[in-house]
Each structure stands twice: as C-alpha cells, then as structure tokens.
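Please look over the model shown here before reading on. The text after it goes from the whole chain to single residues.

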Amino acid sequence: MNKWIEYSIEYANQRSYLDDLFRVYPTIPEGIRSIDTEKWNAIEAAFTAKDNVKLIQQLLTLDLFPIKDSYVAYLKRDKTAITRNPATINRLCGRLYELGLDKLYERCSEPKETNRQIGPMFKDWVRSKALGIAPVGIEEFINSSENAILDASDKVMSDFAKERLNYRHEKGLDLVARFNGKYVIGEAKFLTDFGGHQNAQYNDAIATIETKNVNAVKVAILDGVLYIKGKNKMHDDLIHRHGKSNIMSALVLREFLYQL
C-alpha cells in the first residue's frame, strides 16, 4: 500500500486528527440567511390571505424553500407549472400553513449547511503558507523553476494544467504546484459521511488521479471518514482498489511535496 495512505490512516486513528483537521476545514456555520424585508412582507400578506399561488411564487424567490418536497425543484424551474397544478400547490400550502409564520421565517433563514461551505477552505489553508511557501500568481509561477504553488482562479488553474500538463479531465483542480522540478496536481475533498453525495465526491477525486497521460504527479487530497478502519465500502475501496495511488490527508501533504 502507498505509504501516504498508510500515514493518513495512522494519523486519523492514532493522533488528534479532527482537532488538527479543523485548521484546514474550519467548518463554522454561517449566520442566518437574510431575507429581504419587501419579499417577506409579500410572503406574509399571501400567507394571511391564504393566497396559495402567490405564497408559493414568493417563497420560490428565496434562497431556501421552507419545506423539503420532491416537487419543489420542478416548480422552481418551471414557474408556469404553479397555476397548472392546483392540487400540488394546495398540498404544499397545507404543510406551510401548519408551520405558522414564525416557523416559516425560521426555516427560510436557516444557515447554509456546513458541507456546502467546505469547497474554498482547502485553498484558503494553502494560502496561509501551511505547505511551507506562499502561493504565487500565474505569471510568477510560469516564469520560475523554484518550488511554487499556483494561486489562481479555477479556470486559470484548469487552463494551465490543460495547456502545460496535458490534463484532459473535466473536473477542476484544487492544487497546482511544482516541487523539486516536478509538477503536482490534485483535488481536495473533505468526506464528512458515507453514501450519496459524499460517495460522488470521493469518486470525483479518484477520477482525477486516474486521468491518463498527465505530465504531473497526481494526488487525491482526501480527509474524513474514508480513513476509519472497518467494514465500510469507501475504506475498502481505498485499500483494495486504490491502495497504490497517491491518496493522502491534507495533514501529510506537506511532507509528500518536499520529498518528491
């Protein structure tokens, strides 16, 4: 098995893994979502008047619909369906009226889920010189042969990897670097649980390191539940299918880069 996977599993199971990982992914919930006063007044008026169509129309303008229902996404994408499907609208509104206005406001202003905020955190951590050097812009990165980490937008990083390193995968990158004359590209994920969306995140990172003919060292910078020893599919896949790949925790990434 790749020693960096071993190191990551050991770190996760023998040291203060979560405490240390918080430096990389400080998942502090955001404050409540703000709701425009004018919008809320319109919602309150429609609620009080029991105007079902207007209530749904107004609620769909908010970032967060107050109840989970499989039909809401359709209504968001096709507003004309609201007037054409009265039974669905009445059913949804029945649940909304049961909540009451105070609970309705509370639901609509709930903070964003923590895992939706995780994306930029790895790059912020890299910018803090956690990997030993400060990232640089594209011009300095191109015009130097020294150890360097690229600090750029997703598009600039992707374009560089495609044009210079023959990277042809459609997914974006979280790390483009050069250490000891070798280019390194990687995708970073914090896998907070098993199943569903988290499995898809894991598969995305694996697909990046399986991309063929890339002129760079490919790494999957993965953290979270995949390092928990046990009979779970993600850990089993890590060990038995991808045990020879460059997969590692962000917490051992610095050591990996400098030993290249």
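Predicted model: local features only at pLDDT ≥ 70, side-chain atom pairs only at ≥ 80, totals over all residues.

Residues are numbered from 1 along each chain as its sequence is written, and side-chain values use heavy atoms, with hydrogens and water left out.

The protein has 14 helices and five strands; these are DSSP runs numbered from the N terminus, helices being H or I with at least four residues and strands being E with at least two. Its radius of gyration is 23 Å, well over the 18 Å that the globule rule gives for 260 residues, so the protein is more spread out than a compact globule. That radius is taken over C-alpha atoms, and the rule is 2.2 Å times the number of residues to the power 0.38. Along the principal axes, the C-alpha trace spans about 70 × 45 × 30 Å.

Buried residues make up 45% of the 260 residues. Here buried means under 20% relative accessible area, exposed means over 50%, and partly exposed lies in between (1.4 Å probe, protein chains only). The protein exposes about 14,200 Å², of which carbon and sulfur atoms supply 47%; accessible areas come from the Shrake-Rupley method with a 1.4 Å probe, and for residues only the protein chains shown count as cover. Among contacts (heavy atoms within 4.5 Å) between residues at least 6 apart in sequence, 67% join residues at least 24 apart.

The protein carries 37 positive and 35 negative side chains, and the centres of the two sets lie 4 Å apart. Lys and Arg count as positive and Asp and Glu as negative, while His and the chain ends are not counted. The place of a charge is taken as NZ of Lys, CZ of Arg, CG of Asp or CD of Glu.

Now to single residues. Asn52 belongs to helix H4, which covers residues 52-59. Asn52 counts as buried because its relative accessible area is 17%. Which side chains make polar contacts with the side chain of Asn52? One is that of Asn90, at 2.8 Å, and another is that of Tyr97, at 2.6 Å. A polar contact is a pair of N or O atoms within 3.5 Å; within protein, one must be able to donate a hydrogen and the other to accept it, and residues adjacent in sequence count only if both atoms are side-chain atoms. Not counting residues up to four places away in sequence, Asn52 touches Ile89, Asn90, Cys93 and Tyr97.

Lys50 sits in the loop between helix H3 (37-49) and H4. Most residues other than glycine have a negative phi. Lys50 has a positive phi of about 55° although it is not a glycine, and Asn166 likewise has a positive phi, of about 60°. Asn166 is in the loop between helix H11 (154-165) and strand E2 (175-179). Lys50 is partly exposed because its relative accessibility is 48%, and Asn166 is partly exposed because its relative accessible area is 27%.

Ser249 lies in the loop between strand E5 (247-248) and helix H14 (253-258). Is Ser249 buried or exposed? Its relative accessibility is 0%, so Ser249 counts as buried. Leaving aside neighbours within four places in sequence, Ser249 is in contact with Ser8, Tyr17, Ile221, Leu222, Asp223 and Tyr227.
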